[in-house]
Structures are given as structure tokens and as C-alpha cells.
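This report describes selected local features of one protein model.

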Amino acid sequence: MARVLEETLAYARDREYTGWDYFDGMSSRFRQWLPVENKWLNIAVQEGIKRAPVNVRRLMLVERRQNFKGTALFVMANLAAADHLRDERYRREADRLTKWLLENRSRGYAGFCGGHQHATQGLHDRLRARHPGIVSTGYAVRALLTASNGEEYVDVAESAIPFVFEDLNYREIGDTARIDYHASDEAGETVVINANAIGARLLLDLHERQPRPRLRERAERILDYVAGQQAEIGGWVYTDPPSGSHLSMDNHHNGFILESFLRYREVTGSDRYDDTLKRGLEFYREILFEKSGAPNWDEESAYPKDVHAAAEGIVLFSAAGDTAFASRIIDWTLSNLYAGDGRFYYQKRRFYTKRFTLMRWCQAWMAFALGEYLRARERE
């Protein structure tokens, strides 16, 4: 696995970590040349590029940019490689990428935060480039804390707290709490459940570094809300209410939620969510993965089998201490979605494979996942 991690990091480094992204249609120069600004046209271009059976990004003149969250994942992957391979070159690379995160964070908000380097079009509004959200920010904070030696980068990571509480509209409803996905979110009453779990994890990561009852209590309020959204089958739909998204209980977002509950137990030592975790892990393994290690798309659909879902499965089962099943997912991924030169393919469909690579969605996630797996094996 170490060799594949080396190859994956070399592929990304040789291309300066730039590449096409999952939601990059709005950076298409073809779209920018069109003299009409229309939400549905934007969505058609963005989704058409994303869902095409072949990679049409070059044809559509989509710009290649470095992704904020992807960079955070590469920071942590390089640090894992440095520790496992005893090679300080990877640590120096991680430090360089960490400085990139600091230079390219979103400005004008209450604290440290980040987002896509290109505009994206949602159903409710168009988000400009670098518009920050909790998912990109949460992973960047993890990267800063992982990269810190002593207090280096910690103060910056700490400054994400007011971003969560102020810009993401932290609000308490009864005994629970929730936050928005993006700053100044205009999605109305729709709540993205996995984003709330990631927000709670951010607070727990900072609480672990410097214990504060307020951070733990607010993380618990958010996780109490997330736990209350668990379906009888054991999984979580993407939004509350479910009608707010076309996604159901998709694979990698359920992994994010379960990671956050595992992190809570790790940081606090509490069994508060053990029943939620038990049901969720059974659902995740038995319904969202096949015995071969192949990821299913959601609770009803086996396809597409997405590299991001495979990567998140490796991360989650490594964190849960089930490295045997994480290894099975790695074996399936290497057999079905690995080009052999440090490059991972995007998706395996029922009758064909999307044999192109996205730097954040494919490369960053698999590099991070392999690093987390190697760390877990060293702890055994």
C-alpha cells in the first residue's frame, strides 16, 4: 500500500495538484462566453459536464485549478507518507501545501474558512469562487492540526470557531442544534445532515487540542440532532427534509457521519452514541458495501461504484479498527479503478468505466485513504 501511496502522491505533485474537479462546470470558458446568465443553463452545463460518460472538460475548456479541500487531504496524505516511509521530503511537501491553504483561504468572514476555487451553481443560488462551507473548512482544520508542530497553525485552526458559530448560523432548537452548509446559506429550512456531523467533528478536533466544555456541549447538541435523523434501517438521507435533495442514503456521506460519531467517542471516551454507531456501522457495511469490498452507490443502487465512496470506506473502517475490511476495499479498488501509474479512475458503471481522473475526487481522496489505512495498521 505504501508503494501505491507514493505513486499517487507523485502523480499529484508532478501536476502541481491542479486538475479538474467534480463541480467545475462554471469555470468552463465555453459557458463564460455565453451572453446569458441563467440558473438552469448553469445547472445544465455543470451537471452535463459532471455526468457525461467521457471526460468533456477539455472540450468545454474547463480551467484546471487547485482545490481547497483536496489540498487539505494531500497535506494529511503527505504527513502519513512521511511518518510511514521515514522520508522528510513528504513533510516538507505537507508544509508547503499547508501554507497554500493559508494563502488561499476565504476572506471577509468571522474566522478561518475555505471553499472551491471556482464558482458553483446550486438549486437555490450561485456561489462565487472561494465561497466557504463547513466541509472544506472542516478538512482544512484537520490538516492544520495534523501539520502543526507545537502551536504552529493551531491559532489559525482555532479561528474557525467563530466561522462555525456566526457565519454558519449555529442555532439551538430545543435540546439540539444545527448549522448551515455554506456561509449565508439560502437553502431555507433544508439542512444537510452530513455537513452538521462534519461541523461537530471540527469542534471536537479543537476541543481535543484544548478542552473546553462549551465546544463539547455544542458538538453534542449538533450530534444529538444528527443521531435523531437516523432512519430505522440505520443510515441517513442527505437532507432534512429528504425532499431537499435527489440523494438518498448515499455511500460517502454516510461515511462522513459515522466518522464524526467515532471521533466523538475517541475524544470524549463517552458511549453516548454507541447505539447509533452500532446500527450505522452495520448498515454501512452490510448495505453500502458488498462482501468483495465494492462500494454501492446507496441503499437501493449498486452503481455507479465511485472511487470517492471506496476511499471513504477505507477511511471509515480504518478509523473503526476494521483494517481487514478496509484492506478488502483497497484490493477491490486497485483491481477495478487503478490505472497502475498513481492514477485512479472516477467511476465503474454497470457496463463501462469512466476512465478519467479528477484531482480532488479521485487522487486526493485515495491518497488520504491510503495514508489513514497505513496509520491504522501501525496502531495495531
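N169 counts as partly exposed, because its relative accessibility is 36%. The model is a predicted one. N169 is located in the loop between α8 (160-167) and β5 (171-173), and its phi is positive, at about 60°, although the residue is not a glycine. Y17, likewise not a glycine, has a positive phi near 65°. This tyrosine lies in the loop between α1 (2-14) and β1 (18-19) and counts as buried, with 3% relative accessibility.

Two cis peptide bonds involve proline. One runs from D240 to P241, with omega near 0°; P241 belongs to the loop between β8 (239-240) and α11. The other joins Y303 and P304, where omega is about 0°. P304 is placed in the loop between α12 and β9.

## Salt bridges

The structure contains 28 salt bridges. In one of them, R96 pairs with E93, and the closest N and O atoms are 2.8 Å apart. Both residues belong to helix α5 (residues 88-103); because they are 3 residues apart there, about one helical turn separates them. R96 is partly exposed at a relative accessible area of 46%, whereas E93, at 11% relative accessibility, is buried. A further salt bridge is formed by E380 and R377, with a distance of 3.1 Å between the closest N and O atoms. E380 counts as exposed at 57% relative accessibility, and R377 is partly exposed, with a relative accessible area of 42%.

E290 and K305 also form a salt bridge, their closest N and O atoms being 2.8 Å apart. This pair links distant parts of the chain, 15 residues apart: E290 is in the loop between α12 (274-286) and β9 (305-306), and K305 is in strand β9. E290 is partly exposed at 31% relative accessibility, while K305 is buried, with a relative accessible area of 3%. Salt bridges also link R142, R201, D205, E208, E259, R263 and E266 in a network.

## Packing of α11 and α13

Helix α11 (residues 251-268) packs with helix α13 (residues 307-319) at an angle of about 20°, and their axes are 9 Å apart. The two helices are therefore roughly parallel. Their crossing is left-handed. On the α11 side, the contact is made by N251, H252, G255, F256, L258, E259 and L262; on the α13 side, by H308, A309, E312, V315, L316 and A319. By class, this contact has 7 nonpolar, 4 polar and 2 charged residues.

## Packing of α13 and α14

The axes of α13 and helix α14 (residues 323-336) cross at roughly 165° and come within 8 Å. The helices are therefore roughly antiparallel to each other. α13 passes α14 in a left-handed crossing. From α13, the residues in contact are A310, G313, I314, F317 and S318; from α14, they are T323, F325, A326, I329, I330 and T333. This contact has 7 nonpolar and 4 polar residues and no charged ones.

Technical notes
Residues numbered from 1 in each chain as written. Predicted model: local features only at pLDDT ≥ 70, side-chain atom pairs only at ≥ 80, totals over all residues. Heavy atoms only, no water. Salt bridge = Lys/Arg side-chain N within 4 Å of Asp/Glu carboxyl O. Helix = DSSP H or I, 4+ residues; strand = E, 2+ residues; numbered from the N terminus. Buried < 20%, exposed > 50% of the residue type's maximum accessible area, 1.4 Å probe, protein only. Axes fitted to C-alpha atoms, helices over the stretch in contact; angles between N-to-C directions. Parallel < 35°, antiparallel > 145°, perpendicular 65-115°, else oblique. Left-handed = near helix turned anticlockwise from the far one by under 90°. Contact = heavy atoms within 4.5 Å. Nonpolar A, V, L, I, M, F, W, Y, C, P; charged D, E, K, R; others polar.
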